[in-house]
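Please open the model in a viewer and keep the sequence beside it.

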Amino acid sequence: MIPATSMEPRPRDDELARSWARAIARTSYVSMSREELVTHLEQPARRLIAALAADDYDPRVPTEVGAGLVAAHFTHPSSLQRTLAVLGAQLAPAALAGQRLARLGELQGAVAAGYTQAMQDRALHEQEQIRTAVMDARAEADRARWASEARFQALFAEAAVGIGIATVDGRVIEVNRALCDMFGYSAEEMIEHVVADFVHPDDAPDVWRTYDDLATGRRDHFRMDKAYYRSDGQKIWTDLVVSLIRSQDGVPLFVVAMVEDITDRQRLQTQLRHQASHDPLTDLPNRTLFYDRLNAMLTDPPPGARVGLCYLDLDGFKAINDTFGHDVGDELLRTVAGRLAARLADDGHLVARTGGDEFVVLIGGSSGTQGLVAVAETALAAVRAPLDLDGHAIEISASLGLVERAATATTAAELMKAADTTLYWAKADGRDRWALFDTERYARDVSRYRLTSQLPEALAQGQFFLEYQPLVSLRDGTLTGVEALVRWRHPELGVLGPDQFIGLAEETGLIVALGRWVLGEACQQGQRWRVTHPHRDLLISVNLAVRQVRDPAIVTTVTEILDGSGLDPRWLQLELTESAVMATSGQPLQTLHALADLGARIAIDDFGTGYSNLAYLRDLPVGTLKLAGSFIAGLRHADRPDRVDREILSTLVRLAHTLDMTVTAEGVETADQADALRRLGCDTAQGWHYAAAGPAQSVTALLTR
Amino acid sequence: MLAGIFRSPRRKGVSVNRPDWAPPEIDVDRPAVARVYDYYLGGLHNFAVDREFAAQVLQAMPDLPTHAQENRAFLRRAVRFLTAQGIDQFVDLGSGIPTVGNVHEVAQRADADSRVVYVDWDPVAVAHSRAILDGNHRASVIAADLRQPGQVLDDPALRQLIDLDRPVAVLLVSVLHFVPDDQRPREIVSEFAKAVAPGSYLVISHASSEGQPEQAARLQALYNKSASPMRVRSRAEISALFGDLTLVDPGVVQMPLWRPDSSDDVGPDVESYPGYAGVARIG
């Protein structure tokens, strides 16, 4: 590594630089490549070689070279060590040759001294720098902390939300103005407290366990509504947010509570909740609360749990409202509500007002129908007690529907539907009573309801059809007419007779549309027969229901149908029930006359079953009396004819003939009956004895024969 | 006390002028990685406690000062390479205590207009850097946490010097081994890469478990007992930090082998060099 002794007395600076660079590269970190380092060292190498040879030796040169090493960051001791070694080895031949060994030693010493001095300066400087940096950093951190503290101190002091800080062992150490105001204490009084002083009887069971979890570091945060006592003993409700402050290594230090007074909000909420779940008039629980309670009972009920319902509706409440006014009506509702609640709510039953004059008593944990009946009797008695309202002595009653069943086996909707139907039974059975739900009756009602609801669709879809039962002359046995009878070809139940649906159609009013269809169909068929058998006199007899007669458009309807079909009115007979005719007065009576004036024949159906005003009969435009089948039944046995029946029939026939009416006997089943009727002077008859009702073709066949 | 209460280090704040990371305490009684590294490089910006810790580390890995030099030499070569590619903006993440051959010295020697922003979260390193950079209008330092790239790049002081619409070099030199896996170093890198303009470069150097596995394990164990846990990574893991960016030649290699100035600069013991580096072009 050290070159052999040079013949050249003066060493070359580039050689020295190269050797030097090789020696000290990688001893310290410098920001230079090897080539750059060689270049970097060429100048100091030249200066040192010059200094060795110079007559006027300047010791500052080697000193500066030593210092330059440090400046280039040759800070490791081995950098100096190797530098001195290289200088010794590289410069020794020239020094020897020039008698300058002492100068070389001086030179090396000065390089070392310069290096050492520079290292010392550098060390002091860098130590100074790093200490200054620490101070600067601290000052910066302090400044930031101070600014932050100042900001937050202002925030803390002026916050509208109450803030309190406590140690983890529960001493209150800092509170803000808002918290003091909220609690009614001065700051000094507040910090005399410990956290445990703020217990309140309304505390949720887990408040203090949660607080303990926080103070011991098991959680960092919690939020809940909590009540406190103010200094004056008043209760305040707060929205409390509690956070844990830990040291940097995670040890719990402080507990911060942020407290917002929500007393007003709480009060309002309570009020709103009550309003939402109670009826404003009676202050009883409303429908919503009732359903909530009921659904709660039906959701996951304990095994064997039963539930009972009393659905109560005042009888004739509307009349009271109409008669005495709504104020009295409201007062009545309030009174009844008060009585029901007083006598029933204390037993743990829920008494709710579910609508106008409807109340419901919900019996949880029902033990059976007996308990329910007892409740119903109590409720009835409560309603029955006379009231004095605004000077009016009012007596009122109620009807109740009772349902009781296992909680697992039902839903709220099912229960209410059952109770509603049962209430309707109590009403239908005469009011002022309770009715108990009955599965079979309910099933019947439901199927009736189903049929009723299917009627309009059945009419639209053409599920009805007509059959015709012959009317036969008792004198000569000829066919004088037919009665049109409606049938329903039900898609599931098969063919249904009028007794199974006409009543339903009358209740719903569909009878008007259905009757119009029947009349139209019958008239068209009648006209067809007129065309095919123009020489046969054939009366088409069609039933009119009470509601049809009351329909203001009935005369127009019949006129249109007759015009439409082309049937001469004299071939049309309209059958009305006795009660329909007898109940007529005013408009319906005029209707009856108008129909008769059209030329149609009017018959009274089922004559003798109602209470006919015989005198009245005289003034009616009636052409035929159809005698009820019950009279005819008495003639069934020719050997033992009922004398009274026979007398009545005889009288009726004579009466009819006197009034210029013909008489038709219905339900004639035997030849004996036919004979007897003929002898009594009855004009026509119908019944199985002659023919059952059948399709139009069967009548056509009779006509053709 | 109040500020501490409201700025709990465990909870995220939302204020723009306060960082939501907590800088390390200014505690000269505990070793700081920046000062310890300065000591490895022969610097004297350190305290007895730093030197004591360094002494323990040097026992575990006696060649560490040389390795540190090689790392700085790589940084110098990488910056020169980047300036040669026309890069004149540098963000040096985890820059530590400024020492000889800082990025701005190297870069501004090549192009006096080069802009350099140093980023560190050690308040002492930041204060020292600020003192060193006083008067240099093209270089500055910000206190920020490199694990939050968005905040770093949104820092107004950084934006004053760095135009993110133009290519920039993002330097992660000898710092990602202080980011453990659960802090998702790969995502951090990719977030920086996504935020910079096409034509930018990413520089990573990283201590490795390869080369001197036993020494590296001892080194890691020592750091793990300090306030700055360490995660040395395999070459494959270090390569993976670049994601799908395009590496410039020679790829991820042991630091002395990354574009050495001359063969003289590559020491004989390069095979066992316990650190890898690479430079990738973005976009």
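**First stop: Ile540(A)**

Select Ile540(A): leaving aside its neighbours within four places in sequence, Ile540(A) is in contact with Gly481(A), Val482(A), Ala484(A), Ala522(A), Cys523(A), Gly526(A), Trp571(A), Leu572(A) and Gln573(A). Two residues are in contact if their C-beta atoms, placed from the backbone, lie within 7 Å. Ile540(A) belongs to strand E16 (residues 539-543) of chain A. Helices (H or I, at least four residues) and strands (E, at least two) are DSSP runs, numbered from the N terminus. Ile540(A) counts as buried because it has 27 C-beta neighbours inside 10 Å; the term requires 20 or more other C-beta atoms within 10 Å of a residue's own, whereas 12 or fewer make it exposed and values in between partly exposed.

This is a predicted model, in which local features need pLDDT of at least 70 and side-chain atom pairs count only at pLDDT 80 or more, while totals for chains, interfaces and linings use all residues. Residues are numbered from 1 along each chain as its sequence is written, and chains are lettered from A and ligands numbered from 1 in the order in which they are written.

**Second stop: two helices of chain A**

Next, select helix H1 (residues 13-24) and helix H4 (residues 77-97) of chain A, which pack at an angle of about 150° with their axes 9 Å apart. Axes are lines fitted to C-alpha atoms, for helices over the stretch in contact, and angles run from 0 to 180 degrees between N-to-C directions. H1(A) and H4(A) are therefore roughly antiparallel to each other, the term for angles over 145 degrees. From H1(A), the contact is made by Leu16(A), Ser19(A), Trp20(A), Ala23(A) and Ile24(A); from H4(A), by Ser79(A), Arg82(A), Thr83(A), Ala85(A), Val86(A) and Gln90(A).

**Third stop: where the chains meet**

Now display both chains. Their contact takes 36 residues from chain B and 35 residues from chain A. On chain B, helices H1 (2-6), H4 (64-84), H5 (103-110) and H6 (123-133) each supply at least two residues of the side that touches chain A. The largest share of that side, six residues, comes from H6(B).

**Last stop: colour by confidence**

The mean for chain A is 89, and 96% of its residues reach 70 or more. Over residues 1-7 of chain A the pLDDT is below 50. Where pLDDT is low, the predicted coordinates should not be read in detail.

Note on methods:
Angles under 35 degrees count as roughly parallel, over 145 as roughly antiparallel, 65 to 115 as roughly perpendicular and the rest as oblique. pLDDT is the predictor's confidence in each residue, from 0 to 100.
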